[in-house]
Amino acid sequence: MASTEAVHTIESLGIGRAYIYQEQDKLTLIDTGLTDSAERILAIVEKIGRAPADVRQIFITHHHNDHTGSLADLVERTGAQVLAHKIEAPVIRGDRPPAKPDANVLRSILRPVMGSAAQPGASARVDRELEDGDEVDIGGGAKVLHVPGHTMGSVALFIPKHRMLFAGDAAVSTLGLGPPAGPFGMFNENREQAALSFKKLAALDFDRAFFGHGKPLDGEAATLFRRAADQLD
Ligand SMILES: [Zn+2]
Ligand SMILES: [Zn+2]
């Protein structure tokens, strides 16, 4: 990685994580945390010596509130372009209600605790609708991977040059590595597809992995993904 490039993990957003991908000419925000996270995210932008206007793009992995909660706020304060999959875009804009998560898991006793995370955040602009295989201008060319299941328009970001994967919620490292399970699995729209998407990620070649939930993996990440994918059969 060129010395000017770095990934900053933003924790303490209540539920989940967001990331700043720092490059010399721009910052890219990957997800935006729950509502009221903008202040905390912009404080980190300032801490690394950059201005809100340096945030040129915001890549949204999927519509859940713990990823889009502060999107509208951050768009207003940075002027960034918003990128999201074409299936998620109408939900993020507020033009279409989100799909219902799996009915059985909705009855979970954890639902009242986690319920707000399944709602989309305040409606926000989406400037570019993404599809599988699209290239975006992050880290010398990042590849968009459509990884449906958790939500039908979930996307991950693969940066081949730096052997990095931003998995969104298509993979979590909270209760062991795998597709969302336990409290995070409650909001899967299609559990079988989520498992297939996890396998799709496991077939890639990368060293580092960053998640919406759970600690990033730093080194041999793909090997750990493959081992976890084998357990899914
Ligand atoms: Zn989610
Ligand atoms: Zn999440």
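**Group meeting: core, sheet and a helix pair**

Let me start with alanine 156, which, leaving aside its neighbours within four places in sequence, is in contact with Thr61, Leu145, Val147, Leu165, Phe166, Ala167, Gly168, Ala170 and Leu201, contact meaning that the C-beta atoms, placed from the backbone, lie within 7 Å. This is a predicted model, in which local features need pLDDT of at least 70 and side-chain atom pairs count only at pLDDT 80 or more, while totals for chains, interfaces and linings use all residues. Residues are numbered from 1 along each chain as its sequence is written, and chains are lettered from A and ligands numbered from 1 in the order in which they are written.

Ala156 also belongs to the largest nonpolar core, of 61 residues, where Ala156, Leu29, Val82, Leu165, Ala167 and Leu201 have the most contacts. Such a core is a set of buried Ala, Val, Leu, Ile, Met, Phe, Trp, Tyr and Cys residues joined through C-beta atoms within 7 Å, and buried means that 20 or more other C-beta atoms lie within 10 Å of a residue's own.

Turning to the sheet, six strands form an open arrangement with mixed pairing, in the order β7-β8-β9-β10-β11-β12, where strands are DSSP E runs of at least two residues and helices H or I runs of at least four, and pairing requires at least two bridges. The edge strands are β7 (135-136) and β12 (217-218); β7 runs antiparallel to β8 (residues 142-146) over two bridges, and glutamate 135 has lysine 143 as its bridge partner in β8.

Finally, in the contact between helices α7 and α8, Phe198, Lys199, Leu201 and Ala202 meet Ala222, Phe225, Arg226 and Ala229.

Note on methods:
Buried ≥ 20, exposed ≤ 12 C-beta atoms within 10 Å, placed from the backbone. Contact = placed C-beta atoms within 7 Å.
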